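Good morning, everyone. Please bring the structure up on your screens. I will walk through it from the inside out.

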Amino acid sequence: MPSFDDPSHSHNAASVADVSPKDADHLIAACAFSEAERAAVYRAIETRRDVRDQFRSDPLPEDLVRRLLEAAHRAPSVGFMQPWNFLLVRQQETRERVWKAFHQANEEACQMFEGDRRAQYQRLKLEGIRKAPLSICITCDTKRGGPVVLGRTHNPATDVYSTVCAVQNLWLAARAEGVGVGWVSIFHEDAIKNILNIPEHVKIVAWLCVGYVDELYDMPELAVKGWRERLPLDELIFEECWHADGKER
């Protein structure tokens, strides 16, 4: 495969007439990846899973954790605000306090379902906080970049959207490394903030349980266990305008 700065692919880069000399120094060819590289990217996307209970207890090497964080930090962000922080939690005592906060919220969530759905919910194993050797609390600093941020002027939620991109980057990198990730979202935010001493203006976007796994489901676990099926893509694609046909999307 040609290197990204191969002159033979210079037609993919922007015209020098369109950019300043300084900008031109930083342009590289936008050539496609090789077939094997493309396949690896799509494999990571297609086989990524939300792990709830299958974690091994052995710790992750520090250099691997660093690679995952570097991948997260390479995520796109509106106005290049980079609003994320990564709180690494390894101590069993801290994770147990977080688990108790989760457990309280999980009991509340269970009561929101009725009949067979509640029984089905109770059968789901959600033990990642206790089992995974590492938890990463990914936050969004709503003040980063100041009061006016390029691209955020009319949609203040773009800082959270940007942080979610960091979550996805980490998740895909973890899949490529053979590391499982589980996203815990069932908790009262204030409870976790109190445990980790997170400032009021900082939002918790994701609590990720991270650790080695020996096996992954070949499809999303909630589909395997009959909670919900993947929606057909063709039903989610519109052309030019919204299709108000009355179907659930």
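**The inside first**

The largest nonpolar core has 25 residues, and Ile136, Leu170, Leu208 and Val210 touch the most other members. Keep in mind that this is a predicted model.

Where does this core come from? Two or more residues each come from α3 (62-73), β2 (134-141), α7 (158-176), β3 (179-184) and β4 (202-212). Helix α7 gives the largest share, six residues.

Now zoom in on isoleucine 136. What is isoleucine 136 in contact with, leaving aside its neighbours within four places in sequence? The list is Leu69, Phe86, Leu87, Leu88, Leu170, Ala206, Trp207, Leu208 and Val210. Look for Leu170, Leu208 and Val210 in that list.

**Along strand β2 and beyond**

Next, threonine 139. It sits in strand β2. Is threonine 139 buried or exposed? It is buried, because its relative accessibility is 1%, and the cut-off for buried is under 20%. Again leave aside the neighbours within four places in sequence. Threonine 139 is then in contact with Pro83, Trp84, Asn85, Leu87, Thr163, Ile198, Val202, Lys203, Ile204 and Val205.

Now move to proline 147. It lies in the loop between β2 and α7. Why does proline 147 count as exposed? Because its relative accessible area is 86%, and exposed means over 50%. How far is proline 147 from isoleucine 136? In sequence, eleven residues. In space, 27 Å, C-alpha to C-alpha.

Turn to helix α4, residues 92-110. It has 19 residues. From its first C-alpha to its last, α4 reaches 26 Å. That is close to the 27 Å expected at 1.5 Å a residue. Which residues of α4 are buried? They are Arg95, Val98, Trp99, Ala101, Phe102, Ala105, Asn106, Ala109 and Cys110.

**Out to the surface**

Last stop. Phe33, Val41, Tyr42 and Ile45 make a nonpolar surface patch of about 370 Å². Pick out valine 41. It is found in helix α2, residues 35-47. Valine 41 counts as partly exposed, because its relative accessibility is 39%. That value falls between the two cut-offs, 20% and 50%.

That is the tour. Questions, please.

Technical notes:
Residues are numbered from 1 along each chain as its sequence is written. This is a predicted model: local features need pLDDT of at least 70, side-chain atom pairs count only at pLDDT 80 or more; totals for chains, interfaces and linings use all residues. Side-chain values use heavy atoms; hydrogens and water are left out. Patches are made of residues with over 30% relative accessible area and no salt bridge: like charges are joined within 9 Å, nonpolar side chains (Val, Leu, Ile, Met, Phe, Trp, Tyr) within 5 Å. Accessible areas come from the Shrake-Rupley method with a 1.4 Å probe; for residues, only the protein chains shown count as cover. A salt bridge is a side-chain nitrogen of Lys or Arg within 4 Å of a carboxyl oxygen of Asp or Glu. Helices (H or I, at least four residues) and strands (E, at least two) are DSSP runs, numbered from the N terminus. Buried means under 20% relative accessible area, exposed over 50%, partly exposed in between (1.4 Å probe, protein chains only). A nonpolar core is a set of buried Ala, Val, Leu, Ile, Met, Phe, Trp, Tyr and Cys residues joined through side-chain atoms within 4.5 Å. Contact means heavy atoms within 4.5 Å. The expected span of a helix is 1.5 Å times one less than its number of residues.
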